[in-house]
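Dear colleague,

I am passing on the structure we spoke about, and my notes follow below it. Please read them with the model open beside you.

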Amino acid sequence: MSEDPRDKKNSNNFVIIYAAIFVVAIGLRFALLGSSTLDDTQADLALQSLALSKGNPVTLSGEPGYIVLTALQFFIFGTSNFMARFWPALFGSLLVLVPWLYRDRLGKTAALFVAALVALDPILIGSSRTAIGISLAISGLLAGLGFWRQKRWLPAGICLGASMLGGVEFWQGLLGIFLLLVVMRMISPANTASNPIPFSLDSGWLVMPGSALITWLVLGTLFFTIPSGISAFGNSLVAYFSSLLGSSRYSTSSLSLAGLIIELPIVVVAIWSLVEGFVRGDKTRKILGLWWGLMLVLALLEPGNGLISLSWVSLPMSVLAALQLTAFFSHLQVENRWILVSEIALLIAMTSLSFLNLLRLVNNDFLTAEDTRNRIIGILIILLLLIAMTVLFAWGWSADSARKGFVLGFLILLGAGLLANSWKAAGLGSRPQQEIITASPAVVGQKELMSTVEELSRWKTGTASGIDLQIAALDLPSLQWALRDYPNLVTTEIFFPSLESSIVLTPISLNIQSQTSYRGQVVTWSSQPILEGITVKEFMKWVLFRSAPTQDTQFLLWARNDLFPGAVLP
């Protein structure tokens, strides 16, 4: 029997759309990937990789997969911010392909929507552009479970073995899935049909644990050349439980609110999907809602990693939203297309006018109480007028067309908001230092520091990196990473005047005492937005413009006096 040409055309269109989504995901994760230096969280891991690439002994932290893979890359291609973030960006991009493994359960159209939402999800974009192992953990675990469902034991084992090396977030994802299965069994112990993971294994199932073990050993130890990679796996488990209810620069409430705002377009559609799932008794949506809630609880118990800890929360939320989008667009036939188009245009125009009033309200610090009141009234009047005209469309022409036009216009606006947040999360906005993807402050002073150090080095040695430096009493891995190409760099816990270093970097509070005279300069090294205790208007400025009060980290750069023209040592 010959294949239906329409089915072949639909299949080709599906592949083309999926490929386009994958290209978008790659673009958002790799664009300007090396433009900003690593913060302290990322630099700590990158420095371990750098030490391994040079053959130096190092105690690996709980991110063996990232550290080992990046060490190999540093050994072959050298070091850079781009190379330090390459593997997370790659695995984050590959996550877009994972929904294809679940298309038999979701449907092809829903799998496309899931892939698109994963590609555009701001938190997943931010975590993919961060030099840690979370992308490996998420992509590997979900791909492994997807292959397991299809009883493809070898790729399932390889993916699961790789995900085990993903660090702390592997345990968060594994615990969330385990709790989901436990709760499902408790709620409906006799009903196993709703389980998303099959437990019936055929005669080839031993291939999976064997391939997982081999992958874990070979990848975690880099072909058994780094035995400490095995212990790093245990360190990741210890680090996960240590991070529960740990301290953070941000409170749980501020992180939750920031995450809600950043993910708001997806959250709105996911809640809509969940409500409809409960109304219609959809078991799949109920399971996804339960998974969403469990992952949210686990994420809130681990506030120390910033918004990255919400990465697992994004996944069930995206699937819920995709199911609702699929259901809506599959029933988009309307009685009157002119009413549909008119309602969409009306909604976008009126909402845009209201939004412009909001921007003026938030962005103007000199409005009087009366001006503020008028702006608020203007916002509300426009929205009330929109509602009134929508009611007239529904009453006078077609209620179904007006309703679907309103929903579709609203979805278009949510899509625009999602794109804006995705663009900012990718570090492509005007103030990337205002993002809080990780809990560490963003480095903003590298250009100033390197310009000064290189100028002094050329004056003294004739090369940009030949000068000797001492980092004294500064626990800043990002600073050590920025100066990694200086062979005469010494890091000490206290200042050693006997070294007579040409350049000394110290905390602001440390006044160096030495027989050699130095000149000091303050360097603002890193900056982090303050979301605690700010006003509603200040928070809205951060939401709309990424502009908030900051807490800066500064240190002193001391240069020996004889480095300057005309100066001599005492």
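The accessible surface of the protein chain comes to about 26600 Å² (by the Shrake-Rupley method with a 1.4 Å probe, where for residues only the protein chains shown count as cover), and 66% of this surface belongs to carbon and sulfur atoms. This is a predicted model, in which local features need pLDDT of at least 70 and side-chain atom pairs count only at pLDDT 80 or more, while totals for chains, interfaces and linings use all residues. Residues are numbered from 1 along each chain as its sequence is written, and side-chain values use heavy atoms, with hydrogens and water left out.

The protein chain holds 22 helices and six strands (DSSP runs, H or I of at least four residues for helices and E of at least two for strands, numbered from the N terminus).

Helix α18 covers residues 369–396, and its 28 residues should span 40 Å at 1.5 Å a residue, which agrees with end C-alpha atoms that are 40 Å apart (the expected span being 1.5 Å times one less than the number of residues). Within α18, I379, I382, L386, T390 and F393 are buried, and the buried residues of this helix pack against α17 (337–363) and α19 (399–425) (contact meaning heavy atoms within 4.5 Å).

F77, by contrast, lies in helix α3 (residues 64–77) and is exposed, with a relative accessible area of 57%.

With regards

Methods. Buried means under 20% relative accessible area, exposed over 50%, partly exposed in between (1.4 Å probe, protein chains only).
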